[in-house]
Amino acid sequence: MKKIIVCKECFVSDHIKLYIEHNVEDSTEKCVICRKNNGVDVFKNDRLLKMIEYLVYYNYAMLDYSKNIGGAISNRFRNIFGEANPIFNGILNDNRGFELLERIEANQISDVDHWMLPFKEVKSPILKRMEKDLSKRNYYEIIKVYIEIFEKHLNKFILNEIPDETLFRARIGFNTKIVNAEGDLKNIKISFPFINDELEAPPPMKSSCGRFNRLGCSFLYLASDIETAIAEIKPDPGQICSVASFKIVEKKSSLI
Ligand SMILES: [Zn+2]
């Protein structure tokens, strides 16, 4: 049985690194790329193989990774893992590289453009049509048609699963209040973090456009850890931030 042992550090994708960390047992054998860490057998894990396959589709034209397309033998076919590549932090020699490529099937559902271009450079026919429509009409005139098209395909999308963990949002600043209690606490200024709706999504009228929302639409953006939440708001050195944690109570799948 053929095997290719690779450690998580020798994958470029953080998504794959995390997947291996949480889901796959290391074998007792050394990684064939760095020869330092114990790795996982790529051939023993179908999900890992699929992730590699999708990265190949995304980064390479079909003629590069599949030698036999519709009966025609590609003369561009080569060991794409035998040189610097976007999937591994290192190279796989020809034997191993070709063994892995043999497991990667030509993408049958792909656009003809993908024969010559990696998916990252191919535009789908729907996207091309949408660009043409948007060059002549306002988005609200065509949005209904495209929402219907996308909804038909929604179950085919691979969505990142949101973990059941705590998520975070940060805001620069905090509250202060003058306390007027008896004794030593007279006229004392106390500071405390923003709370409740002060740390929820901004009001629609104050929302600037973001990665998922247009101007004037209020979306709540959360980070998976405190450091990322703070980094996202880019505070200056010395600035104090308030951070809130959130728990997911219900998951929904919908088009934005
Ligand atoms: Zn390694």
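A residue counts as buried if 20 or more other C-beta atoms lie within 10 Å of its own. The views below show a predicted model.

**View 1. Helix α5 in the open.** Of the 12 residues of helix α5, the number buried is zero, so the helix lies largely in the open. Helix α5 comprises residues 125–136. At 1.5 Å a residue, this helix should span 16 Å, and its end C-alpha atoms are 17 Å apart, which agrees.

View 2. The protein is divided into domain 1 (5–107), domain 2 (123–156) and domain 3 (167–246). Between the C-alpha centres of domain 1 and domain 3 the distance is 43 Å. The secondary structure consists of seven helices and eight strands. The radius of gyration is 25 Å, well over the 18 Å that the globule rule gives for 256 residues, so the protein is more spread out than a compact globule. Along its principal axes, the C-alpha trace spans about 85 × 55 × 35 Å. Of the 256 residues, 15% are buried.

**View 3. The largest nonpolar core.** In soluble globular proteins, nonpolar side chains tend to be buried together. The largest nonpolar core of this protein holds 29 residues, of which I4, V6, C10, C31, V32, V56 and F88 touch the most other members. At least two residues of this core come from each of β1 (5–6), α1 (14–23), α2 (46–59), α3 (62–65) and α4 (94–103). Helix α2 supplies the largest share, five residues.

**View 4. V6 and its contacts.** Neighbours within four places in sequence are left aside here; beyond them, V6 is in contact with F11, C31, V32, I33, G39, V40, V42 and F88. Among these partners, C31, V32 and F88 are also named with V6 as core residues that touch the most other members.

**View 5. D64 in helix α3.** D64 has its place in helix α3. The residue is partly exposed, because 19 other C-beta atoms lie within 10 Å, whereas a buried residue has 20 or more. When residues up to four places away in sequence are not counted, D64 touches R76, F77 and I80. D64 and L220 are 156 residues apart in sequence, and their C-alpha atoms are 41 Å apart in space.

**View 6. Confidence along the model.** The average pLDDT of the protein is 87, and 91% of the residues score at least 70. Among the elements, strand β4 (residues 72–73) has the lowest mean pLDDT, 72, while β1 has the highest, 96.

Definitions and conventions: Residues are numbered from 1 along each chain as its sequence is written. This is a predicted model: local features need pLDDT of at least 70, side-chain atom pairs count only at pLDDT 80 or more; totals for chains, interfaces and linings use all residues. Helices (H or I, at least four residues) and strands (E, at least two) are DSSP runs, numbered from the N terminus. The expected span of a helix is 1.5 Å times one less than its number of residues. Domain bounds come from an automatic or database domain assignment. The radius of gyration is taken over C-alpha atoms; the globule rule is 2.2 Å times the number of residues to the power 0.38. A nonpolar core is a set of buried Ala, Val, Leu, Ile, Met, Phe, Trp, Tyr and Cys residues joined through C-beta atoms within 7 Å. Two residues are in contact if their C-beta atoms, placed from the backbone, lie within 7 Å. pLDDT is the predictor's confidence in each residue, from 0 to 100.
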